[in-house]
Amino acid sequence: MLLITCPYCCTARPESEFRYSGEAHIARPLEPATVSDDDWAAFLYMRTNPKGLHAERWRHIHGCGRFFNTLRNTVTDQILKTYPAGTPRPDLGAPAEGGR
Amino acid sequence: MRFSLFSLARQALGGHARWPAQWRSPEPKAAYDAVIVGGGGHGLGTAYHLAKEHGLRNIAVLEKGWLGGGNAGRNSTIIRSHHPRGETEATHQPSVKLWETLSDELNYNVMYSPRGVMMLAHTVHDIQVFKRHVHANRLAGIDNEWLTPEAAKDFCPPLNISPKLRYPVLGAALQRRGGTARHDAVAWGYARAASALGVDIIENAEVTAIRRDASGAVEGVETTRGVIKAKKVGVVAAGHTSVLMGMAGVRMPLESYPLQALVSEPVKPVLPCVVMSNTVHAYVSQSDKGELVIGAGTDVYTSYSQTGGLHVSAHTLDAICDLFPTFRRMRMMRNWGGIVDVTPDRSPIIGLTPVPGLYVNCGWGTGGFKATPGSAFVFAATMARGEPHPVAAPFSLERFTTGRLIDEAAAAAVAH
């Protein structure tokens, strides 16, 4: 079970307090009616699904209830950083594949 | 060498010291007509059908590890085809028929055992949905029947049908032709048969790049064992599909999750069929070695770790201890994760890609093993002809742009 530090509550809590909400930094187009089918499919369905650093949304449903973002290495499942929703992705560089 | 009673007797007299290798291990050639990336059951089966039905003999299967070391050896070996959607019935039902003749076809015993797959209903909603599936399947000529709790217990004596359970068994849908097969044997059998037809099976060759020419078409792959040229490349890499397709600049509608499974200590035969339950989340069958083979759920987050959190397996054991109180004192020996690639509509993607010469067969999610023969058959036809096989056509990558999704939440029977 992951230990996740909620950036609002500022404590490390077990994964079961949180809900995973998919890849972060995917903005819904402001005017969907003007978006092409390809761009709409890209927004709705296409995902980076990286082997390595993944920016992802979590929601502290059994705590403060707020969304935030997490940078996690999908090879080791180690969480490197959590940060509030709406702030840009921190630049940690690319992790060595498979390494911590 | 063909396996037969005669060859067995001859090898027995020789002390079993002269069994040949089951497939050749050649050095990779500089170029092939087609390359399959991924040496699991789907990829090896694709190569077998390309060689057998489509006359492509100058082909290679590239596997980054060893055959059967990925999801081919990590699944819970269940075979069934009771899906309610017409498109999915069309892909899975031929697979069940192919399973019945696969050992003869490959001259390799894949230990197909149609012992029956029983899916338990625990709520009024389950009963309604499963009965609808039973009727939809029977209309399509697919075997599926409804059982009362008592009939379910007759079919599977260790099942607890006490009404005092938190989620009592209210009935079950039984597919008698469903069952299990030895998953490694499926990979090995296809490898052996493909190798005999001239297919080069190259293990320990991880693809590190996909090369494209000036027009954008595929011209080969770079691997840890050198550059291999090919005008046709088929990616059949399950959880690593996004990584490979990214090498060709194609973003995929996939997310990779660890799907967990575990096995118990071996015991005498106690469980005569496969039992599945969506609602309390349990899959269990007994292997020929006597171990209970238990399928647990996926972790909630994407990962390539091949492990996952222990609480996911513990949750499934809770359910199994309720359904089979006699299993409570058994010890679990091993648990592991396989990385499964999940699409937004829980249906696979089989077909062409925006890159000429690049084909993909992926998105089988948590239920790929049972579809292995059918998937391999239609994907081989798709690669050979350069256009989707009619059964595969609805499962194109374009469906995510056109909106013609195939909403198959029942595909894996787990509560997605």
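**View 1. Polar contacts between chain B and chain A.** In this predicted model, 14 residue pairs, both at pLDDT 80 or more, are in polar contact between chain B and chain A. A polar contact is a pair of N or O atoms within 3.5 Å; within protein, one must be able to donate a hydrogen and the other to accept it, and residues adjacent in sequence count only if both atoms are side-chain atoms. The count of salt bridges (a side-chain nitrogen of Lys or Arg within 4 Å of a carboxyl oxygen of Asp or Glu) between these chains is 0.

**View 2. The area buried between the chains.** Chain B and chain A bury about 2000 Å² between them, 52% of it on carbon and sulfur atoms; this is the accessible area (1.4 Å probe) that two parts lose on being put together, summed over both. In chain B, the most area is lost to chain A by Arg251(B), Tyr301(B) and Tyr304(B), together 30% of what that side buries.

**View 3. Residues in contact across the interface.** On chain B, 23 residues are in contact (heavy atoms within 4.5 Å) with 22 residues of chain A.

**View 4. Surroundings of Val199(B).** Beyond its neighbours within four places in sequence, Val199(B) is in contact with residues including Arg24(B), Ala47(B), Ile59(B) and Ala194(B).

**Notes.** Residues are numbered from 1 along each chain as its sequence is written, and chains are lettered from A and ligands numbered from 1 in the order in which they are written. Local features need pLDDT of at least 70, side-chain atom pairs count only at pLDDT 80 or more, totals for chains, interfaces and linings use all residues, and side-chain values use heavy atoms, with hydrogens and water left out.
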